[in-house]
Amino acid sequence: MTQRLDTLLINALIHQEGQGPVPGKIGIADGKIALIGSHDQDMPPATEVIDCEGLWVLPGVIDPHVHFGFGNPETDFETESRNAALGGTTTVISFHRSADIRDSFDAARERAERQSCIDFAFHFGVTSRLHVETLSEISHRFGVNSYKLYMMYKGAAGLSKGFTEIDDGLLWGALLAAREIPGAILGVHCENVEVIPWLREPLRAAGRDDLAAWNEQSPDFLEAENVHRVCYFAGKTETAVNIVHLSSREALDEVRRHRRDGRRSPIYVETCPHYLFLDCNSPAGTYAKVNPPVRTADDIDAMWEGVCDGAITTIGSDHVPRKRATKDKDIWAASNGFPGTGMILPILLHEGYHKRQVPIDTLMRVASNTTARIYGLRGKGAITVGNDADLVIVDPDLEKTVDPGIMESHADYSPYEGMTFRGWPVRTLVRGRTVARDGAIEPSVKERPSGRYLRRL
Ligand SMILES: [Zn+2]
């Protein structure tokens, strides 16, 4: 039995996986959950006592899809990890992409270790034959076993980003290479980019300049067609795949169809907070321009059905922290993506819990529990004795209006700005350390951030 606690949470409603809310206390020692007890249980003395009267304690959100580095590569892990923590995110998995990962990874990891106030891991971007050939080496050396391949960057679309080797052959090669790596998951961006120009050009020529046109130039069936190809090939190679940022009913139906063969390799599905909340008629306009596009109200319903029935595995934000100036253009010229990591929990609570009566247990399954499990994040993703004390204390009825001015991100805008959400974190703890409190990052954390790199292999 622990003799002394660093922190004791009392009067909390604790959400443990599969149990619903249970009133009680949580004792933290050495960054880990040391004890969980009922209200009347005696606990060892603690240096700090946090009274959680009227509040919930949830496992910290794990955001498996952030693009830290797309804003300011020099400082993104500082600003964006703060933005994440303000929203109750305690672990992120960001993307590392370079021509030769063997030469670039250590520096990226070391910079993130200096800057991040939350824990973090990486996926590798697979964009060339060299990446496929060196996949085993870089995976074992750097402790990474998840990857992303961008069907979006085939052909001409890839050329504009400097990629010349992305095609179905590279997908096949990556599936074969990933299969040999323990616990590996190949994530794939699914949009048929070869067909997009045939739909885009007439819309442009007609003078369209609205968010709905962005959906029409890459409609749901172009996503579903790529989803089919990935699931079909992955079934042949027996590789676990992840359809990242899945956005439409049509594409989710395609996954369900492939899963009917119960013996096949796993197909995971990630959706994003924006596909659960924003539709293509949103007043956010170009601020909500993203690939794949935000869709229709029916697609939003389909994403919630998938969260509730388990078809959707995880929620990732696809956070891209660029400046407003890159968005203040017409729909064709505006940059893709937007910030979102700090908004996962508020959107799940507001739209999921309050509006659609989705149980917290269901929300945390996709926002934390399963994410930790499939990505091999040991000690994360659940409130249980022995796990890291990554906790978010939530006021379920707190209402706040999104103001990008106080969100810490390099991005100076949000597609949600001016919108009011009900249900916000009031405190975020990473391995027992309070990182964010009442909408602000702790000054001591700004001075001395202590996020850790999570090796997964
Ligand atoms: Zn993508």
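**Notebook: sheet, zinc site and salt bridges**

I began with the open sheet, whose eight strands stand in the order E6-E7-E8-E9-E10-E11-E12-E13 with parallel pairing. Strand E6 (61–66) and strand E13 (314–315) are at the edges with a single partner strand each, so one side of each has no neighbour in the sheet. For the terms, I note that two strands pair if DSSP finds at least two bridges between them, and that helices (H or I, at least four residues) and strands (E, at least two) are DSSP runs numbered from the N terminus.

Before going on, I recorded that this is a predicted model, in which local features need pLDDT of at least 70 and side-chain atom pairs count only at pLDDT 80 or more, while totals for chains, interfaces and linings use all residues. Residues are numbered from 1 along each chain as its sequence is written, and side-chain values use heavy atoms, with hydrogens and water left out.

**Around strand E9**

I looked up the neighbours of E9 and found that strand E8 (residues 119–126) is joined to E9 by three bridges, the two running parallel, and that Gly125 has Lys148 in E9 as its bridge partner. Helix H1 (residues 76–86) packs on the sheet and touches strand E7 (89–96) and E8, where contact means heavy atoms within 4.5 Å. The direction of H1 makes about 140° with that of E7, the axes being lines fitted to C-alpha atoms, for helices over the stretch in contact, with angles from 0 to 180 degrees between N-to-C directions.

With E10, E9 pairs in the parallel sense over five bridges, and there the bridge partner of Lys148 is Gly187. I then checked the cover of E9 and saw that five of its five residues are buried, meaning under 20% relative accessible area, with exposed over 50% and partly exposed in between (1.4 Å probe, protein chains only). Ser146, Lys148 and Tyr150 lie on one side, and Tyr147 and Leu149 on the other.

**The zinc site**

Which residues coordinate the zinc ion? I find Lys148 (NZ), His189 (ND1) and His245 (NE2), at 2.0 to 2.3 Å. Lys148 lies in strand E9 (residues 146–150) and His189 in strand E10 (residues 185–189), so this pair ties together parts that are 41 residues apart in sequence. Donors here are N, O and S atoms within 2.8 Å of the metal (3.2 Å for Na, K and Ca), and water is not among the atoms, so sites may look incomplete. Along the chain the donors follow the spacing K-x40-H-x55-H, and both Lys148 and His189 are buried.

**Salt bridges**

I counted as a salt bridge a side-chain nitrogen of Lys or Arg within 4 Å of a carboxyl oxygen of Asp or Glu, and by this rule the count is 35. One of them joins Asp168 and Arg229 at 2.8 Å, N to O; Asp168 lies in helix H6 (residues 168–179) and Arg229 in helix H9 (residues 220–237), so the pair ties together parts that are 61 residues apart in sequence. Asp168 is partly exposed at 26% relative accessibility, whereas Arg229 is buried at 15%.

I also looked at Arg356 and Glu351, which form a salt bridge with the closest N and O atoms 2.9 Å apart; Arg356 is partly exposed at 27%, while Glu351 is buried at 4%. Finally, I noted a network of salt bridges that links Lys32, Asp119, Lys380, Asp388, Asp390 and Arg431.
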